Amino acid sequence: MSRPVLSDQLESNIPGLYVAGDLAGAPVVKLAMEQGYQVATRIAQELGAPGGGLDVLIAGAGAAGLNAALELQSRGFRTLIVEKAAIASTIEDFPEGKWIYDEPVSRPVAGQLWLKESTKEELLEQWHQAAAGLDIKTGEAVTAVARITTGLRVSTTAQTYECRRMILATGQRGNPRWLGVPGEELPEVHHRLYSPKHYQGERILVVGGGNTAVEAALVLAEQNQVTPNQVTLCHRGPEFSRVFRANSQRLKQAEASGRIEVRRSTEVKSFSPGSAQLSSGNLPMDRAFVLIGAEAPAGFLKSLGLKLEAEWTWTRALWLLLSILISYTIYGVKQGHGQEFWPFRGWGYHALSFFDKGWSFWYTVLYTGLMTVFGAQAMKRWGFDKKDRFQIARYASLIGFQWIFFFLIPEFLFAWAVKYQWVGEALAQDPNFAQNAWRSYGLVYAWPLFFYTFFGAPHQVWVVWGATLSFVIIPILVLFHGKRYCTWICGCGGLAETLGDRWRHLAPKGSAAINWERMNIIVLVAAAVITVLMLGRDVVHAFAKPADWGIVWYRLIVDTWLVGIVPVALYPFFGGKIWCRYWCPLAKLMELFAKAFTWARWSRFAIHADDKCIACGECTRYCQVGIDVMQFALKQQELNNANSSCIGCGICVTACPMGVLSFGPVAATSATKLVQITSKS
């Protein structure tokens, strides 16, 4: 679901209202506790000292809410927790005896709330003891929030409170999702499983395709029961693609032994006393458990006035128009004097030129400055804050390549190399080399991203280097590092990874978004055809008209609109990798190399997962190329360049709170196992 829009300090768009826990991206108990502690510390610093009334109202008596309340109370602040259900209701809903882990083990427990590896019952006992000293009102839900002079006025189902600050720690599970079929309100149809051992010798239907449903079916079908249940598991899909690998194996064993009957591609039509009508026929049953997830509380959050990520409003639409206008101006003026886009034709380039430097130069300065400033922020976010050396090195590489190869060399060092003959006397005195500093972009930009290396009467140095870069160096890099060129070297990808980083979670995901990636094969073919036409024009003096026509339109459509205007304008709305993902011909060429190396099992690039995935979705959320990484992690399936368009940024590895993911070589498995296209995911 879309999360609330939050500041770095977890404050919402409503001043004084903070969000912590699962709603703020802390999917495990220890991290939710940590956020509760951090928000409490922040509020204590803001308030300075306790006031005369209620200092902080906390909505939600879970890990984040309880830990925040304990910390604030220890500092002398008056707090109140309102909870619509029960204390630690999410954990209360777990099956009996479920084990709670204190992952990630590398991070210490923050705050005063107790946490150790334990059973559900032991954890709840400790938490109830801690809650005994807090002011908690259960069965009371927040209904409205309003700003007042002294802070916030919070309305609940019971009364209205005035407080100086508020912490929203209600989680994002919401209410259990219903099928919406006749008879679902019957007393024998449940939407939670509390005590599976209480059910003996019954005909039980479990509905769902996730881990909760599979685990419920398995525990209800346990062989050590006095009178075993007859369990049927019904799933509307053809396979259980969203379950942990261990659960999948256990389900296969239970199905093979006859302990569970599994009905795939089957939907529930209705319930009636003693039976369920399925799309595959009538099924006699004594009890049913509909475990198909929970409704995200988007409606509740919006009713409080919180802004949600990717929520389209008229203000967001205006920002989109402004973003397009800015991008259109920057790139439309960059075309050169007399070639500017309307309404800048004839004056725009000069208007943005200063100190005897044209707008092209200042555009490069702006580009490099943006990458440096926002690259430093991204390096802090993913590198220093996460203590991840990989991300520190990656962002340092991106910024370094931009400064050296895409700014200093073409704008300054090339001219100095010619002037002082660092390149040798012959090249320094050859006008075909010395007067074409712009070709130095081809030192790193490979064909077909920068295909001007090969035509327009280039010096042979550029031709040899361009061919070596594109067809020797790039394939070797792909062999060992996949498509990491996009996230370690390329300036186009660099802007997306730095300026676009703050919006990476908005990258389109799903089968439709993956299918859109086929567009870059069209750009690759167009680049190849135009390259051939231009070489024909320059070498054999043929195809002059189609070559000239082709290069004009390619520069306009690809080099201006698809590289610059459209993707950069859409960074704040669809993430940063729009050009790289959907249109970049070099990305497609590297993908073809990578697929071939992976098929042959030569590739040294893959992402592997262990068995600790908790299905929190953080890896998928932050993937800029829209890969459903969680599906690979759940099944412990290798993610590589035969089954995904992974660019090796490693953010999924860094973002995982459980340390599930890691880089490694492609496993020596059959090619059929390597290629499991993720369009369904």
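Reply: Before we start, a residue counts as buried when its relative accessible area is under 20%, as exposed when it is over 50%, and as partly exposed in between, with a 1.4 Å probe and protein chains only. This is a predicted model, in which local features need pLDDT of at least 70 and side-chain atom pairs count only at pLDDT 80 or more, while totals for chains, interfaces and linings use all residues. Residues are numbered from 1 along each chain as its sequence is written, and side-chain values use heavy atoms, with hydrogens and water left out.

Me: What share of the residues of the protein chain counts as buried?

Reply: Of its 681 residues, 51% are buried. The accessible surface, computed by the Shrake-Rupley method with a 1.4 Å probe, comes to about 30,700 Å² for the protein chain, and 59% of this area belongs to carbon and sulfur atoms. The C-alpha trace spans about 90 × 65 × 45 Å along its principal axes.

Me: How many helices and strands does the secondary structure of the protein chain have?

Reply: Helices (H or I, at least four residues) and strands (E, at least two) are DSSP runs numbered from the N terminus, and in the protein chain they come to 25 helices and 22 strands. With a contact taken as heavy atoms within 4.5 Å, 71% of the contacts between residues at least 6 apart in sequence join residues at least 24 apart.

Me: At what angle do helix α18 and helix α21 pack?

Reply: Two packed helices are described by the angle between their axes and the distance between the axes. Here α18 (residues 519-539) and α21 (residues 585-599) pack at about 100°, and their axes are 8 Å apart. Angles of 65 to 115 degrees count as roughly perpendicular, so α18 is roughly perpendicular to α21. On the α18 side the contact is made by Asn520, Ile521, Val523 and Leu524, and on the α21 side by Pro585, Lys588, Leu589 and Leu592.

Me: Is Cys492 buried or exposed?

Reply: Cys492 counts as buried because its relative accessibility is 15%, and its place is in helix α16, which covers residues 491-498. Leaving aside residues up to four places away in sequence, Cys492 touches Tyr367, Tyr445, Leu449, Val563, Tyr571, Trp579 and Cys580. One of these, Leu449, is 43 residues from Cys492 along the chain, and their C-alpha atoms are separated by 9.7 Å.

Me: Which residue does a cis peptide bond join to Pro104, and which to Pro448?

Reply: Most residues other than glycine have a negative phi, and most peptide bonds are trans. In this model a cis peptide bond joins Glu103 and Pro104, with omega about -10°, and Pro104 has its place in the loop between β4 (99-100) and β5 (118-119). A cis peptide bond also joins Trp447 and Pro448, with omega about 5°, and Pro448 is in the loop between α13 (431-434) and α14 (460-481).

Me: Where is Ala88 placed, and what is its phi?

Reply: Ala88 lies in the loop between β3 (79-83) and α3 (89-92), and its phi is near 55°, a positive value in a residue other than glycine. Its relative accessibility is 4%, so Ala88 counts as buried. Ala310 has a positive phi near 60° and is found in the loop between α7 (298-303) and α8 (314-333). At a relative accessible area of 36%, Ala310 is partly exposed.

Me: In which segment is Ser7 found?

Reply: Ser7 is in the segment before β1 (17-19), where it counts as partly exposed at 29% relative accessibility. The C-alpha atoms of Ser7 and Val629, 622 residues apart along the chain, are separated by 26 Å.

Note on methods:
Axes are lines fitted to C-alpha atoms, for helices over the stretch in contact, and angles run from 0 to 180 degrees between N-to-C directions. Angles under 35 degrees count as roughly parallel, over 145 as roughly antiparallel, 65 to 115 as roughly perpendicular and the rest as oblique.
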